Amino acid sequence: LYKIAVTSEGGEYTGSQVRAQRRRMAHNRRTLQQKGTRSAKRRLQAMSGREKRYMRNVNHVITTQLAQDESVSTYVLEKLTNIRHRRTSKTMRLWLGQWAFAQFEEFLTYKCQERGIAVTHIDPRYTSQDCNSCGHRDRENRRKGLFLCTACGHRDNADRNAALNIRDR
């Protein structure tokens, strides 16, 4: 969620502005709901749907940029259908619940079909734990955003390492 999309060529689309916008909207919602006045309720109604429209626009912009890359013939995405059913912290569940990854996939798929670019899906298991250099798999290889192989010492951005593993599969 820190990065919305990472390509194997090193292209990154960070989600820092998205997280900041969501925090602002959540704070405003919380404040207005606490107030409970008639004007606060009107303001909440006016705000409803704004976050969804914002994310829709972000997804459109990123998928358009990805689909316009002429050097790519195939995009390989992780199948993220059961990502919300994992046991994680409350904060992580909140982030995953708000993540519009299905919409992102849908936008990328239809835009790539228009340009003749294939979009396929793979099983996401162990993509972030496998070392792209030596193939060693260990849970300790990944520490948040950093990938550091315990076997060969390969060091990389964790999302970029996972993107390379997805590309190679």
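Which residue, with a positive phi, follows H2? In this predicted model, H2 is followed by Gly49, whose phi is positive, near 90 degrees.

The protein chain holds six helices and seven strands. Read from the N terminus, its elements follow the order β-β-α-α-α-β-α-α-β-β-β-β-α. The C-alpha atoms of the protein chain occupy a box of roughly 60 × 40 × 25 Å along the principal axes. Of the 169 residues in the protein chain, 32% are buried. Among the contacts in the protein chain with a separation of 6 or more, 54% join residues 24 or more positions apart.

Helix H2 spans residues 38-47, and Ala40, Leu44 and Met47 within this helix are buried. Viewed down the axis of H2, these buried residues fall within an arc of 65 degrees, so they line one face of the helix. The packing partners of the buried residues of H2 are helix H1 (16-35) and helix H3 (50-67).

Helices H1 and H3 also pack against each other, at an angle of about 175 degrees and with their axes 11 Å apart. H1 and H3 are therefore roughly antiparallel to each other. On the H1 side, the contact is made by Gln17, Val18, Gln21, Arg22, Met25 and Arg29. On the H3 side, Arg50, Glu51, Tyr54, Met55 and Val58 take part. Sorted by class, the contact of H1 with H3 comprises five nonpolar, two polar and four charged residues.

Asn59 is also located in helix H3. The relative accessible area of Asn59 is 2%, and this residue is buried. With residues up to four places away in sequence not counted, Asn59 touches Ala100, Gln103, Phe104 and Phe107.

The loop between H3 and strand E3 (74-78) contains Asp69. Asp69 counts as partly exposed, at 30% relative accessibility. Apart from its neighbours within four places in sequence, Asp69 is in contact with Tyr75 and Ile117. Asp69 and Cys131 are 62 residues apart along the chain, and their C-alpha atoms are separated by 27 Å.

In strand E3, Tyr75 and Leu77 form a covered face. The uncovered face of E3 consists of Thr74, Val76 and Glu78. In a regular strand the side chains alternate between the two faces of the sheet. E3 pairs with E4 in the parallel sense, over five bridges. Val76 has Thr120 in E4 as its bridge partner.

A further sheet is open and is formed by three strands in the order E5-E6-E7, with antiparallel pairing. E5 and strand E7 (155-157) stand at the edges, each with a single partner strand, so one side of each is left without a neighbour in the sheet. The pairing of E6 and E7 is antiparallel and extends over three bridges. Leu146 has Asn157 in E7 as its bridge partner. Helix H6 (residues 158-168) lies across E5, E6 and E7 and runs at about 90 degrees to E7.

Tyr126 is partly exposed, with a relative accessible area of 39%. Lys144, likewise not a glycine, has a positive phi of about 55 degrees. Lys144 is found in the loop between E5 and strand E6 (146-148). With a relative accessible area of 75%, Lys144 is exposed.

Terms used
Residues are numbered from 1 along each chain as its sequence is written. This is a predicted model: local features need pLDDT of at least 70, side-chain atom pairs count only at pLDDT 80 or more; totals for chains, interfaces and linings use all residues. Side-chain values use heavy atoms; hydrogens and water are left out. Buried means under 20% relative accessible area, exposed over 50%, partly exposed in between (1.4 Å probe, protein chains only). Helices (H or I, at least four residues) and strands (E, at least two) are DSSP runs, numbered from the N terminus. The arc is that of the directions from the helix axis to the C-beta atoms. Contact means heavy atoms within 4.5 Å. Two strands pair if DSSP finds at least two bridges between them. Axes are lines fitted to C-alpha atoms, for helices over the stretch in contact, and angles run from 0 to 180 degrees between N-to-C directions. Angles under 35 degrees count as roughly parallel, over 145 as roughly antiparallel, 65 to 115 as roughly perpendicular and the rest as oblique. Ala, Val, Leu, Ile, Met, Phe, Trp, Tyr, Cys and Pro count as nonpolar, Asp, Glu, Lys and Arg as charged, and the others, Gly among them, as polar.
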